[in-house]
Amino acid sequence: MRPHRFGLTLISAVASLSVCLSAGSASALAPHGASPVAAASSAAPSRTAPGARSLTALTDLFAERLLVADKVAAAKYGTTTPIDDPVREKAILDDVAARAVGLGLDPDAVTAVFRDQIEANKLVQRGLYARWDAHPEERPTERPDLVKEVRPVLDRITTQLLSALQETESLRAGASCGPRLRVAALWSAIGHRLDRLHGQGLERALPSVCAPKP
């Protein structure tokens with residue numbers, strides 16, 4: 001498969017969507033003529049900042065889950081197994097809703113976050129299918145076992161995501177959640193060397209993380 005080379009898509013998106021804290025936008029804080037990468041980085045808090053670190057723990061898991069989509073796609077591509085699996089998706093959402101209650105979390109909010117992860121994963125799978133259709137030489141040469149190889153990894157990430165959602169509950173309810181989440185996503189995209197397709201998937205994974213404002 002093609003290596004996950006990080007493109008400028010997510011960085012540009014983060015910059016254009018005003019990667020900012022309360023002090024102002026990335027473009028306002030960046031030196032004249034700075035690139036989008038430099039602009040976003042100058043506006044971003046250090047990865048060691050408490051808020052950023054907490055949300056990056058979430059976005060790192062989102063990115064990791066998206067990379068597992070490659071194996072899911074490789075397992076399904078060329079078979080009769082569809083990308084959409086409503087039965088499996090419902091089982092996942094019902095499970096995380098029940099586990100959310102045990103963690104003292106809003107099950108509807110947690111379900112929304114995981115629904116976004118599922119849709120992001122499918123976005124990547126569809127993109128990979130299109131890539132492999134257009135470039136047969138890039139098609140996977142091995143077919144992973146969904147049950148034995150892939151799902152245990154996804155189950156482990158699910159447990160970690162639930163813990164991360166619990167740990168970041170107050171932060172996700174804060175007014176700065178949106179900008180900080182974008183910065184965290186940028187760090188995760190760079191750290192995991194996401195290509196353009198996986199960067200788009202990461203964008204799709206974000207909408208339900210921050211609590212809606214009244």
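Is Arg131 buried or exposed? Arg131 is buried, with a relative accessible area of 16%, and its side chain meets that of Asp195 in a salt bridge. The model discussed here is a predicted one.

**The salt bridge of Arg131**

- The N to O distance between Asp195 and Arg131 is 3.3 Å.
- Asp195 belongs to the loop between α9 (177-191) and α10 (196-204), whereas Arg131 is in helix α6, so the bridge ties together parts that are 64 residues apart in sequence.
- Asp195 is buried, at a relative accessible area of 7%, and Arg131 is likewise classed as buried, because its value of 16% falls under the 20% limit.

**Aromatic pairs**

- A pair of aromatic rings is described by the distance of the centres and the angle of the planes.
- For Tyr77 and Trp132 the ring centres are 5.2 Å apart and the planes stand at 75°, so this pair is edge-to-face.

- Arg126 forms a salt bridge with Asp84, in which the closest N and O atoms are 3.0 Å apart.
- Since Arg126 lies in helix α6 and Asp84 in the loop between α4 and α5, this pair ties together parts that are 42 residues apart in sequence.
- Arg126 is partly exposed, with a relative accessible area of 39%, and Asp84 is also partly exposed, at 36%.
- Arg126 and Asp84 belong to a network of salt bridges that also includes Glu89, Glu119 and Lys122.
- Lys71 forms a salt bridge with Glu149, with 3.4 Å between the closest N and O atoms.
- The Lys71 partner lies in helix α4 and the Glu149 partner in helix α7 (residues 146-167), so the bridge ties together parts that are 78 residues apart in sequence.
- Lys71 is partly exposed at a relative accessible area of 41%, and Glu149 counts as partly exposed at 35%.

- Asn121 is found in helix α6 and is buried, with a relative accessible area of 5%.
- Apart from neighbours within four places in sequence, Asn121 is in contact with Arg65, Leu66 and Ala69.
- Leu123 lies in helix α6 and counts as partly exposed, at 28% relative accessibility.
- With neighbours within four places in sequence again set aside, Leu123 is in contact with Leu197, Gln200, Gly201 and Arg204.
- The C-alpha atoms of Leu123 and Ala69 are separated by 9.1 Å, although the two residues are 54 residues apart along the chain.

**Helix α7**

- Helix α7 has 22 residues and reaches 30 Å from its first C-alpha to its last, which is close to the 32 Å expected at 1.5 Å a residue.
- At the start of α7, a side-chain oxygen of Asp145 reaches to within 3.0 Å of the backbone nitrogen of Val147.
- The buried residues of α7 are Leu146, Val150, Leu154, Ile157, Thr158, Leu161, Leu162, Ala164 and Leu165.
- An α-helix has 3.6 residues a turn, so residues three or four places apart point the same way.

**Backbone geometry at Arg193**

- Most residues other than glycine have a negative phi.
- Arg193 has a positive phi of about 55°, although it is not a glycine.
- Arg193 is placed in the loop between α9 and α10.
- Arg193 is exposed, with a relative accessible area of 54%.

How values were computed:
Residues numbered from 1 in each chain as written. Predicted model: local features only at pLDDT ≥ 70, side-chain atom pairs only at ≥ 80, totals over all residues. Heavy atoms only, no water. Phe/Tyr/Trp six-rings, centres within 6.5 Å; stacked < 30°, edge-to-face > 60°. Salt bridge = Lys/Arg side-chain N within 4 Å of Asp/Glu carboxyl O. Helix = DSSP H or I, 4+ residues; strand = E, 2+ residues; numbered from the N terminus. Buried < 20%, exposed > 50% of the residue type's maximum accessible area, 1.4 Å probe, protein only. Expected span 1.5 Å × (residues − 1). Polar contact = N/O pair within 3.5 Å; in protein donor to acceptor, adjacent residues only side chain to side chain. Contact = heavy atoms within 4.5 Å.
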